[in-house]
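Open the model in your viewer and keep the selection tool at hand.

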Amino acid sequence: MTAPGPTAEKVTAQQPPWPDPDRLEEVRHALSGRPPLIPPEEAGELTRRMAGVQRGEAVVLQGGDCAELFADTAPPVVRRKLGQLRELSAEIRTGLGLPVVTMGRIAGQYAKPRSLPYEPLPDGTALPVYRGDAVNGAAADPRARIPDPDRLLTAYDRAAAVLSTMRDEQTAHGAAERIFASHELLLLAYELPLLRAADGGGHASSVHFGWIGERTRDPEGAHIRLAASIRNPVGVKVGPSATPADLVELAQLLNPERLPGRLTFIVRMGADRITWLLPPLVEAVAETGIPVVWLTDPMHGNTIRSGSGHKTRSLRAILDEVAAFHRILRDRRQWPGGLHLEMTPEPVTECLARPEDAGTAAFPRYRSPCDPRLNPEQAAETVHAFTALLRT
Ligand code: PEP
Ligand code: MN
């Protein structure tokens, strides 16, 4: 066993403190015997479609909850999410006359990286943080927050149920409307047992497209090693601390065969910082000649705290970051490949119109157990703005 300490921490960042190693081992063993949720051919098909995005012949819409909930996997709920994705994709497709590659943060987005292991409470005490339904419960109760390895099996079962609804919907809407499943490749106790052998490498059988988060993209860490070992199309979140050398190294590690569509960088800098942080990154990657898709995640660099203590984001900052992303990529003759959004078809009040509203805003329908999502109108406005920019 590896001794605990800074090195072990760095290699396997953001893993929950599982309380029962024996049960965890049994669960891992059970997962390793489960059938693949996604066949490798479907992941290969997505790589081919992403190659079209890399060539500037198609656009990506990737969106959904910050954290999917086990309670939200009933077919009517899933169908509403798919309906929102399909509607927004159609708007881009008609607006641009280009194919749209549509991915949900869906059918497995059950694990969250967290900045702090504890969440402070108003009474001065603290709770272990919620890490996603695959790990613990969101309820503000210390017992709910104990990581439970059996939740990994539930995550598999719920993902299978959601995928089954997605397949039924796809049959109803035709092959061109296929919506792909994506989530963050975070929980090694889930992803590693679900690895399968495939032609030319491993296959992450939990997902079509998996991404590595901003907090786990250490080139020497276990997550990048996992991403390098699979043939699925993969993404990496790129935040303010990323250097040009980091991205060059990641591009070399994750796309050594220079396969178009294999690798996507998902930029989440913040509207205030993107203008000076992104240009050197784009230039350094372009210089390597390694093909990558560039997406904008205008959500995660623009999170603020409201006066009431809610995590929120303003539509104004989101639209500013989208516009800056578009300009920076275009000025460097690169294709602004698409949008990565946290959104919901439900009429929530989680994001605000303007940052200056944060001080006094009330959030009567704040439902997210994690990050604030765009409601349907806000998501439509963001997609509309992106489409309008690409038309210019
Ligand atoms: C997320 O996508 O929910 C997330 C945690 O993103 P990031 O890794 O970019 O912070
Ligand atoms: Mn999030």
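Start at ligand 1. By class, two nonpolar, two polar and five charged residues make up its shell. This is a predicted model.

Now show the side chains of that shell. Select Cys66, Pro113, Gly213, Glu214, Arg215, Lys237, Arg268, His300 and Asp371; these residues surround ligand 1.

Next, colour two helices. Select residues 75–96 for helix 4 and residues 376–391 for helix 11. Their axes come within 9 Å and cross at roughly 20°. How do helix 4 and helix 11 lie relative to each other, roughly parallel or roughly perpendicular? Angles under 35 degrees count as roughly parallel, so helix 4 and helix 11 are roughly parallel to each other. Their crossing is right-handed.

Zoom in on where they meet. On the helix 4 side, pick Gln84, Leu88, Glu91, Ile92, Gly95 and Leu96. Facing them from helix 11 are Pro376, Ala379, Ala380, Val383, His384, Thr387, Leu390 and Arg391. This contact has eight nonpolar, four polar and two charged residues.

Move on to a second pair. Select helix 9, residues 274–288, and helix 10, residues 315–331. The two axes cross at roughly 35° and come within 10 Å. The crossing of helix 9 and helix 10 is right-handed.

Show the contact here too. Helix 9 brings Ile274, Thr275, Leu278, Pro279 and Val282. Helix 10 brings Glu321, Ala324, Phe325, Ile328 and Leu329. Sorted by class, the contact of helix 9 with helix 10 has eight nonpolar residues, one polar and one charged.

Key: Residues are numbered from 1 along each chain as its sequence is written. Chains are lettered from A and ligands numbered from 1 in the order in which they are written. This is a predicted model: local features need pLDDT of at least 70, side-chain atom pairs count only at pLDDT 80 or more; totals for chains, interfaces and linings use all residues. A residue is near a molecule or strand if its C-beta atom, placed from the backbone, lies within 6 Å of it. Ala, Val, Leu, Ile, Met, Phe, Trp, Tyr, Cys and Pro count as nonpolar, Asp, Glu, Lys and Arg as charged, and the others, Gly among them, as polar. Axes are lines fitted to C-alpha atoms, for helices over the stretch in contact, and angles run from 0 to 180 degrees between N-to-C directions. Helices (H or I, at least four residues) and strands (E, at least two) are DSSP runs, numbered from the N terminus. Angles under 35 degrees count as roughly parallel, over 145 as roughly antiparallel, 65 to 115 as roughly perpendicular and the rest as oblique. A crossing is left-handed if the near helix is turned anticlockwise from the far one by less than a right angle, and right-handed if clockwise. Two residues are in contact if their C-beta atoms, placed from the backbone, lie within 7 Å.
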